[in-house]
Amino acid sequence: MFPVAVALVVAVFLIAPLVIIVPMSFSTALSLQFPPPGYWLGYYRQYFTDPRWLVPTLNSFVIATATMLLTLGLVIPASFALVRHQFRGKSAVNLLLMAPMIVPLVVSALGYYNTLGRLGLAGTHAGVILAHTALSVPVAMLAISAALKGFDANLERAAMSSGAGPLRTFWWVTMPVLRPGILVGALFAFLHSFDETVVALFIAGRKASTLPKKMFESVRLETDPVISVVSTLLFLAVVLAALGALLVHGRRDHAA
Amino acid sequence: MVLAFVLPLLRVLVLSVTDPSVSLAHYRRIFTTPLYLHVLSTTFRTSLVVTAVCLLLGYPLAYVMARRGGRLSGILLVAIGISFWTSFLVRTYAWMVILGAKGPVAALMRLAGFSPPQLLFTTFSSMLGMTHILLPYMVMALYAVMKKIEPGHLRAAASLGAPPRHAFYHVFLPLSLPGVVNGCLLVFTLCLGFYVTPVLLGSPQDMMISQVIAQQVEELLAWGFASALSVVLLAATFVVIAVYTRLVGLDRLWG
């Protein structure tokens, strides 16, 4: 069948270029050379011992975790307000919360570079976390408000009429039902921050440099072969996560 | 949110007309200097081409996923998911390896007996990289709409005597159009502001607007001019979205 053939070719186009980085990470070549002239593990050792790579990696984890928590703290109450209540200026608030997704990243980056510089937050973890939180709000918002829209408010009414107070109802009824949506939102926020490059390039500076920033600089300035190791690790993490998701999904389908 | 997002954005607006002095000179410079007009036209042309290629490649893929179901559709979905979630720096790096002077494409060309042309750092490599990175967005947008098309409609067309090709052109294609519009909007706006991939893969002669913005700030510290360029980029993005809202309605974007 013609469409199936085209679809398979396009799928190969999506995946094949990524697979090539795996052998690259074991290559002995100093520059971009494929097929590799020989294989060793040296660049893995270099990655796991070099503070110039380890510090940005750690920074990325810290910043992404803080961004995720801060985003959830903002987005959970905000989506309750937007989904459940009608108030004046609601559509304006909605637009405002979605704006970071629409505004091109370079423009946001320029704004942060200037504003955070004035506040003395440029090149600090706090500055990057603040900017990443603003940028992660829309993605997390989409996941959580979708879950909330599908929530049957009668469940809460039933709990209340059975004598549970509002807090207990929220904790024992509302939260468990919304948990999958919140987890997805949290994951989106984390990954969004972990992968974000453009804003980090402008504002992270030396001290709060994130992994994508380090990768970008290494590709642009020196083509450090360690980049292939980092790329392989990131790619394999995604593949493992995809296979894991497939397994969980398959089991759920089986049970149902 | 106002503090963390709107304020920095307003600063860009203010800087664009006040730095170094209060005037509209930056805007005049953008729209009268051939170099910047070239940048603007490159940006739009690149975004158009990338969007069109994404649509051309993405449509059959989404079609098969939506219509076939079963294992094939699952495998394709995983392929798109893996590509989507892999950091775009990783994907850009992969293209540098593939297209590089010592890469597999050049090696194959040498094997076939002719000397490979410059592949990396050209407009072609930059567009190829962007297409590869933005294709999953297009497929997701198309798939979300196609999945909801009732298979019964196509069966009805067939039972009324329409050959499969007619059923596709007169039933499926029109019903999938909202997905086409969503996908094109998404890819086009993302492409307008693309920074990392054109910097790493593209040609210095054919800069996109984001590259010029970054260059103005990082190398020349020309805050005012960079801000004016940002405002132009922002305005262009808003115009595209406004046209979309007129045609479809923004709330439809999230399905």
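How many residues does helix H6 of chain A have, and how far does H6 reach from its first C-alpha to its last? In this predicted model, H6(A) runs over residues 105-119, which gives 15 residues, and its end-to-end reach is 20 Å, close to the 21 Å expected at 1.5 Å a residue. Because 12 of those 15 residues are buried, H6(A) is largely enclosed by the rest of the structure. The buried positions are A:Leu105, A:Val106, A:Val107, A:Ser108, A:Ala109, A:Leu110, A:Gly111, A:Tyr112, A:Tyr113, A:Asn114, A:Thr115 and A:Leu116. After the helix comes A:Gly120, with a positive phi near 75°.

Helix H5 of chain A covers residues 90-102. Its 13 residues reach 18 Å from first C-alpha to last, close to the expected 18 Å at 1.5 Å a residue.

Chain B can be described as a whole. The C-alpha trace of chain B spans about 70 × 55 × 30 Å along its principal axes. Of the 255 residues of chain B, 44% count as buried. Among contacts in chain B with a separation of 6 or more, 77% are between residues 24 or more positions apart.

The two chains meet in a contact that takes 58 residues from chain B and 55 residues from chain A. On the chain B side, the elements giving two or more residues include helix H1 (2-18), helix H3 (34-68), helix H7 (123-146) and helix H12 (223-247) of chain B. The largest share of that side, nine residues, comes from H5(B). By residue type, the chain B side divides into 43 nonpolar, 12 polar and three charged.

In soluble globular proteins, nonpolar side chains tend to be buried together.

Key
Residues are numbered from 1 along each chain as its sequence is written. Chains are lettered from A and ligands numbered from 1 in the order in which they are written. This is a predicted model: local features need pLDDT of at least 70, side-chain atom pairs count only at pLDDT 80 or more; totals for chains, interfaces and linings use all residues. Helices (H or I, at least four residues) and strands (E, at least two) are DSSP runs, numbered from the N terminus. The expected span of a helix is 1.5 Å times one less than its number of residues. Two residues are in contact if their C-beta atoms, placed from the backbone, lie within 7 Å. Ala, Val, Leu, Ile, Met, Phe, Trp, Tyr, Cys and Pro count as nonpolar, Asp, Glu, Lys and Arg as charged, and the others, Gly among them, as polar. A residue is buried if 20 or more other C-beta atoms lie within 10 Å of its own, exposed if 12 or fewer, and partly exposed in between; C-beta atoms are placed from the backbone.
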